[in-house]
Amino acid sequence: GVLNLPSGIAVNSNSGEVYGANTIFRQIQRFDGEGNHISSWDTLAAMGLTVDHSDNTVLLTLPGKGKLIRYSADGELLGEIGGEMAFPVDVTVRPSDGRIFVLNKGGAVDVFSREGEHLANWYGGAKDPVGDPLRPANRNFGIAVAIDGQSVYVSNSGRAHISQFDAEGNRVHDWGEGRSS
């Protein structure tokens, strides 16, 4: 597997396989845990991806299309979720119930059921969207859910911090104060 501008990575904790979103080649690359190429499949330009460990499916964000695509572990297209999102950049799945959290570039978090029903939308961006214009609030690129499913974390490169939310979107804590060197 040849990679060019990989933009997302996910590990299937059930199999140890690693998936990479290959932006330039518009492919998903699949590797075993030792880095040996297993397979790849074509897709649109993707950014973030994750594995739903309950069924080993791969979810990836398509920022330009405002949606997610779900594939089997072997690359078979299983369906789409959304279509109305504003530039989705990353995705994570809560293990306990399969709830899907999608981070959009501007800070909005869309929440879906495993089946794709839209459940909620909340703001996961910077606490103070007004402030230093050299540190924009809309540079959110990463989202993760705690193993217990009770907390969701959003990274914000523009404000140089990470925010913790409960699973309903209420801000719990922010950490990281600016940049160092």
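Modeller: Buried means under 20% relative accessible area, exposed over 50%, and partly exposed in between, with a 1.4 Å probe and protein chains only. By that rule Trp122 and Phe165 are buried. This is a predicted model, where local features need pLDDT of at least 70 and side-chain atom pairs count only at pLDDT 80 or more, while totals for chains, interfaces and linings use all residues. Residues are numbered from 1 along each chain as its sequence is written, and side-chain values use heavy atoms, with hydrogens and water left out.

Colleague: What pLDDT does the protein average?

Modeller: pLDDT is the predictor's confidence in each residue, from 0 to 100. The protein averages 84, and 87% of the residues score at least 70. Over residues 128-136 the pLDDT is below 50, and this stretch has 15 contacts in the model beyond near neighbours in sequence; a contact means heavy atoms within 4.5 Å. Where pLDDT is low, the predicted coordinates should not be read in detail.

Colleague: How many helices and strands does the secondary structure hold?

Modeller: Helices (H or I, at least four residues) and strands (E, at least two) are DSSP runs, numbered from the N terminus. The protein has 0 helices and 16 strands. Of its 181 residues, 47% count as buried. Among contacts with a separation of 6 or more, 31% come from residues 24 or more positions apart.

Colleague: In what order do the 4 strands of the open sheet stand?

Modeller: Strands of a sheet pair through backbone hydrogen bonds, either parallel or antiparallel. Two strands pair if DSSP finds at least two bridges between them. Here 4 strands form an open sheet in the order 5-6-7-8, with antiparallel pairing. Strand 5 (49-52) and strand 8 (77-82) are the edges; each has a single partner strand, so one side of each is left without a neighbour in the sheet. Neighbouring strands are turned by 25° against each other on average, direction ignored; the axes are lines fitted to C-alpha atoms, and angles run from 0 to 180 degrees between N-to-C directions.

Colleague: Which bridges join strand 5 to strand 6?

Modeller: There are 4 bridges between strand 5 and strand 6 (residues 57-62), which run antiparallel. Thr50 has Leu59 as its bridge partner in strand 6, and Leu49 stands opposite Leu60. The two strands form a hairpin with 4 residues between them, and Asn56 in the turn has a positive phi of about 60°. On to strand 7 (residues 67-71), strand 6 is joined by 5 bridges, again antiparallel. Leu60 stands opposite Ile69 there. The hairpin of strand 6 and strand 7 also has 4 residues between the strands, with Gly66 at a positive phi near 65°.

Colleague: Which residues of strand 6 are buried on one side and on the other?

Modeller: Thr57, Leu59 and Thr61 are buried on one side, and Val58, Leu60 and Leu62 on the other. With 6 of the 6 residues buried, strand 6 is largely enclosed by the rest of the structure.

Colleague: What joins strand 3 and strand 4?

Modeller: Strand 3 (residues 27-31) and strand 4 (residues 37-42) pair in the antiparallel sense over 5 bridges. Gln27 has Asp42 as its bridge partner in strand 4. These strands form a hairpin with 5 residues between them, and Gly35 in the turn has a positive phi of about 95°.

Colleague: How many aromatic pairs does a search of the whole structure find?

Modeller: Rings of Phe, Tyr and Trp (its six-membered ring) pair if their centres lie within 6.5 Å; planes under 30 degrees apart count as stacked, over 60 as edge-to-face and the rest as tilted. The search finds 4 pairs. Trp122 and Phe165 form a tilted one, 5.0 Å centre to centre with 45° between the planes. Trp122 lies in strand 12 (residues 118-123) and Phe165 in strand 15 (residues 161-166), so the pair ties together parts that are 43 residues apart in sequence. Ring pairs also link Tyr19, Trp41 and Tyr71 into a cluster.
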